[in-house]
Amino acid sequence: MENTKVINFAPGPAKVPEQVLQKAQEELINFRGTGVSIMELSHRSADFAKVINEAEQNLRLLLNIPDNYKVLFMQGGGTGQFASVPMNLMKEGGCADYVVTGSWSAKAAIEAEKYGTVNYVIPKTKKYTSIPDYSQWNLNPKASYVYMCANETIHGVEYHDIPDTKGVPIVCDMSSNILSKEVDVSKFGLIYAGAQKNVGCAGVTIVIVREDLIGHARPYCPVVMDYKVTAGMNSLYNTPPTYSIYIMGMVFEWIKSMGGAKNMSERSALKASMVYNVIDKSDGFYVAPVCKKDRSRMNIPFRIGSDNGDEELEKKFLKEAAEHKFMYLKGHRSVGGIRASLYNAISVEETEQLVAFMKEFQQNYSK
């Protein structure tokens with residue numbers, strides 16, 4: 001039989017741990033002795049209550065979430081939160097600070113402009129290759145919150161510390177690096193993350209929100225986007241994405257078994273350093289556009305042949321990568337080039353295979 005095993009370097013939806021997929025396969029038709037599939041299970045049943053409650057408990061454990069924070073499992077993805085956040089947190093006629101460091105934070109800011117004044121904390125730029133020093137930030141002390149994207153998947157820019165916002169709550173999109181490292185949740189007012197990159201499959205969005213920020217939704221905020229309603233109903237106001245929550249819960253169990261966020265952080269640093277080392281030692285054959293201090297551990301964009309990329313070389317790289325069964329390495333259409341996404345489920349061994357291929361490709365095609 002032909003070997004169809006591939007390594008999935010997709011930016012999202014992304015690789016799910018094989019152990020999780022195997023367990024999901026085993027339980028697909030008969031979920032834990034219920035006689036029905038998890039996809040058929042009532043969200044009001046005791047069996048699903050156990051699934052969703054265990055998922056929350058494990059997330060609280062993995063991130064050491066303080067008791068004064070609610071954990072919500074919502075729908076609409078990160079893009080849904082672009083609207084949910086200002087409708088729940090921005091005061092009527094108020095303003096919010098947005099730190100735009102890439103495409104996703106830029107889209108969030110544009111959406112927020114529908115609901116109030118958006119203060120752009122740093123100057124707009126055509127290229128997102130760094131995070132300006134905090135001393136250059138223009139923060140508004142009267143802002144309802146400061147919005148940031150912890151890791152920009154398209155441009156490969158990541159924060160490696162938490163800015164001091166002088167008491168103004170930080171709202172953080174952690175869709176692409178949640179549980180890839182330890183985080184002090186108490187430093188944030190709200191954290192959200194789509195599950196489909198580091199913690200499962202598409203469909204569910206995690207929202208971790210401080211209790212004092214709940215209960216201030218605009219009158220026109222849709223009920224399914226109201227944090228107070230969702231919290232009050234244990235994320236069961238309406239039918240939640242049950243299957244996605246089930247998969248996410250099993251990913252939490254897998255992360256626990258692997259040593260938690262601390263171990264994920266060590267793995268992420270090792271994997272990223274392996275790829276960046278090849279790039280930095282390639283004498284310009286591979287070019288990483290992002291400033292070294294702000295390089296992402298999760299998404300590594302690079303060009304081949306020059307700063308702007310050699311189109312033919314990049315096509316050859318993608319073709320030969322596919323022949324090696326390395327999938328989804330093409331860069332985002334807005335920036336081009338190559339992008340390797342190294343989320344939690346990508347192993348060190350799989351990263352080593354990519355690195356070996358990159359070295360071989362350079363030997364074959366460098367001038």
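Reader: In which hand does α1 pass α6?

Author: The crossing of α1 with α6 is right-handed. A crossing is right-handed if the near helix is turned clockwise from the far one by less than a right angle, and left-handed if anticlockwise. This is a predicted model: local features need pLDDT of at least 70, side-chain atom pairs count only at pLDDT 80 or more, and totals for chains, interfaces and linings use all residues. Residues are numbered from 1 along each chain as its sequence is written, and side-chain values use heavy atoms, without hydrogens and water.

Reader: What counts as a helix or a strand?

Author: Both are DSSP runs, numbered from the N terminus: helices are H or I with at least four residues, strands are E with at least two.

Reader: At what angle do the axes of α1 and α6 cross?

Author: Roughly 135 degrees, and the axes come within 9 Å. The axes are lines fitted to C-alpha atoms, for helices over the stretch in contact, and angles run from 0 to 180 degrees between N-to-C directions.

Reader: Which residues of α1 make the contact?

Author: Gln19, Val20, Lys23, Ala24 and Glu27. Contact means heavy atoms within 4.5 Å. Among their partners in α6 are Tyr243 and Trp254.

Reader: New topic. How many strands form the open sheet?

Author: Seven, in the order β2-β10-β9-β8-β5-β3-β4, with mixed pairing. Two strands pair if DSSP finds at least two bridges between them.

Reader: Which strands stand at the edges?

Author: β2 (69-74) and β4 (117-120). Each has a single partner strand, so one side of each is left without a neighbour in the sheet. The twist averages 20 degrees from one strand to the next.

Reader: How many bridges join β8 to β9?

Author: Three, and these strands run parallel. Asp173 has Tyr192 in β9 as its bridge partner.
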